[in-house]
Amino acid sequence: MNAGEPFVRDTGVVDRDNPWPGLASFRERDQAFFHGREGAIQVLLELVMRERVSVLYGASGLGKTSLIQAGLFPRARARDLFPVRLRLDFARPSALIEQIYGALAREAQEHHVEAPERTGGTLWEFFYRKTSLWWNERHRLLTPLLVFDQFEEMFTIGRRTPEGTAAARAFLEELRGLALGFPPVDVRARVDANPEEALQYSLTRGPVRMLFSFREDYLAEFTELRELFPSIGEHDFRLLPMSTADGLRVILEPGRHLVSEPVARRIVEIIAADRPTRRRAANDLPVDPTLLSVFCRELNNERRRLHEEQISGELLKDAQIRILDNFYLRSIAGLDPRVQIFIEDELVLPDSSERNSAAEEVALRKPGITRDTLDELIDRRLLRRDERDGPARIELAHDVLIDPVRRSGELRRAREAEQHASREAAEKFEELQRARRQRFLLMLSIAGAFALIFGVIAAVSAFIA
């Protein structure tokens, strides 16, 4: 693959013959293939069943969306919740409420839920009206669970303009009233003026629950939610990397017919968050589930291409370098070529098997590097943003990416050196040709001069004679 080719996202569709989605998230329909997060699913389910407002956060690449869709949602439905995943488009700040209504309508139709009629007004009026009831096909009353996934986008996309900032603040205030049961100011004024209208609403039940999911990098910004929802800090769940045992379940539970346990263990060792050369017990290494899924999918695609029944140890050994190299090249595909130079020259320490990091504000001053580019590379799981110790720093998402980046950099620099040598040779050749042309012209000039002199002499001699 050429780094200049456009990035093509794998759809991530899973089945028995390819049970790992790669960079894509597991969907609710993929629950039979989703493993390794059993404990997290139970904790999160108990949290949303118990609390009106709760929080899920964790580092990028830990599979929060997969946990929500394939882990939480099926179990929440079995407990008479009506879960709706919302990834709001904060670039349209005036349409945030409409996006919620639209998602509710689509999910109700897809899951055959009888939804209440929308009669206008605020979200609070819609949910707290006594006639706002949700029924499933078994005639059981449901409680909507609004899951705001990737909510950190409110602090990025949603705050790019003054209008967006004001709309985001008003939106949070409306969610606060919805969660805590506080009617909006205009509704309170209307009810005060007409007390009979209060009979339309029920404040004795919590008609809706909310779960906010966001990247741990934005934990500081999330303090704004704590100001609006005082108890939110007590009702959060931090998603951590998988253990080695969890990683083995990810491979073997859906794919035991495709890979043996010894090969699965070797795959987990390769993907473990610390490099295998470090002196730590193999069963003590955290596992990045997204990178594990990418590696398994790529490896399985190689197996299918070769028409082999299982992923063998030999195939793993032969394909490991190629898989990671291809992943790196796909990750930078279609981007400004100077992005590749920045990654290969700045994010790997020279003559070392260690990652380097660059301050984000410094990286943004590099040629070809923009904030959107960094966000895209983070989304593609090539880079990560580290904000634990002050200003944000950019680094490779994983140690296993060091070697592919180094190999690509060495090839690029070799090509650049070859091109430089070719240019130098061409320039020397051209310089030599110019020198030859100049000598030839000089000789022609001298010959012409002599010819002229001899001509003059001959003419004078003839005249005298």
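This is a predicted model: local features need pLDDT of at least 70, side-chain atom pairs count only at pLDDT 80 or more; totals for chains, interfaces and linings use all residues.
Student: Which residue forms a salt bridge with D17, and how far apart are the closest N and O atoms?

Tutor: The partner of D17 is R303, a residue of helix α11 (residues 289-305). R303 is buried, with a relative accessible area of 5%. For the pair R303 and D17, the closest N and O atoms are 3.0 Å apart.

Student: How many residues apart in sequence are the parts that R303 and D17 tie together?

Tutor: R303 belongs to helix α11, whereas D17 belongs to the segment before α1. The salt bridge between R303 and D17 therefore ties together parts of the chain whose separation in sequence is 286 residues.

Student: What is the N to O distance in the salt bridge of E314 and K317, and where do both residues lie?

Tutor: The side chains of E314 and K317 meet at 3.5 Å, N to O. The two residues are three residues apart, about one turn of the helix. E314 is partly exposed, with a relative accessible area of 46%, and K317 is exposed, at 54%. Both E314 and K317 lie in helix α12 (residues 313-331).

Student: Is R412 buried or exposed, and which residues does R412 touch beyond four places away in sequence?

Tutor: R412 is found in helix α16 (residues 402-464). At 7% relative accessibility, under the 20% cut-off, R412 counts as buried. Leaving aside residues up to four places away in sequence, R412 touches Q340, I341, E344 and D345.

Student: Which residue forms a salt bridge with R92, and what is its relative accessible area?

Tutor: R92 is itself partly exposed, with a relative accessible area of 43%. The closest N and O atoms of the pair are 3.2 Å apart. The partner of R92 is D89, partly exposed with a relative accessible area of 32%.

Student: Which residues of α9 and α10 meet, and how do they divide into nonpolar, polar and charged?

Tutor: From α9, the residues in contact are T244, G247, L248, I251 and L252. From α10, they are E261, A264, R265, I267 and V268. The residues of this contact divide into six nonpolar, two polar and two charged.

Student: What angle and axis distance describe the packing of α3 and α6, and which residues meet there?

Tutor: Helix α3 (residues 96-110) and helix α6 (residues 162-180) pack at an angle of about 50°, with their axes 10 Å apart. The two helices are therefore oblique to each other. Five of the residues in this contact are nonpolar, none is polar and one is charged. The residues that meet are L96, I97 and I100 in α3 and A167, F171 and E174 in α6.

Student: What is the phi of D80, and what is the phi of H139?

Tutor: Most residues other than glycine have a negative phi. D80, in the loop between α2 (64-78) and β2 (81-86), is buried, with a relative accessible area of 16%. H139, in the loop between β3 (134-135) and β4 (141-148), is exposed, at 67%. Both have a positive phi: near 65° for D80 and near 60° for H139.

Definitions and conventions:
Residues are numbered from 1 along each chain as its sequence is written. Side-chain values use heavy atoms; hydrogens and water are left out. Contact means heavy atoms within 4.5 Å. Helices (H or I, at least four residues) and strands (E, at least two) are DSSP runs, numbered from the N terminus. Ala, Val, Leu, Ile, Met, Phe, Trp, Tyr, Cys and Pro count as nonpolar, Asp, Glu, Lys and Arg as charged, and the others, Gly among them, as polar. Axes are lines fitted to C-alpha atoms, for helices over the stretch in contact, and angles run from 0 to 180 degrees between N-to-C directions. Angles under 35 degrees count as roughly parallel, over 145 as roughly antiparallel, 65 to 115 as roughly perpendicular and the rest as oblique. Buried means under 20% relative accessible area, exposed over 50%, partly exposed in between (1.4 Å probe, protein chains only). A salt bridge is a side-chain nitrogen of Lys or Arg within 4 Å of a carboxyl oxygen of Asp or Glu.
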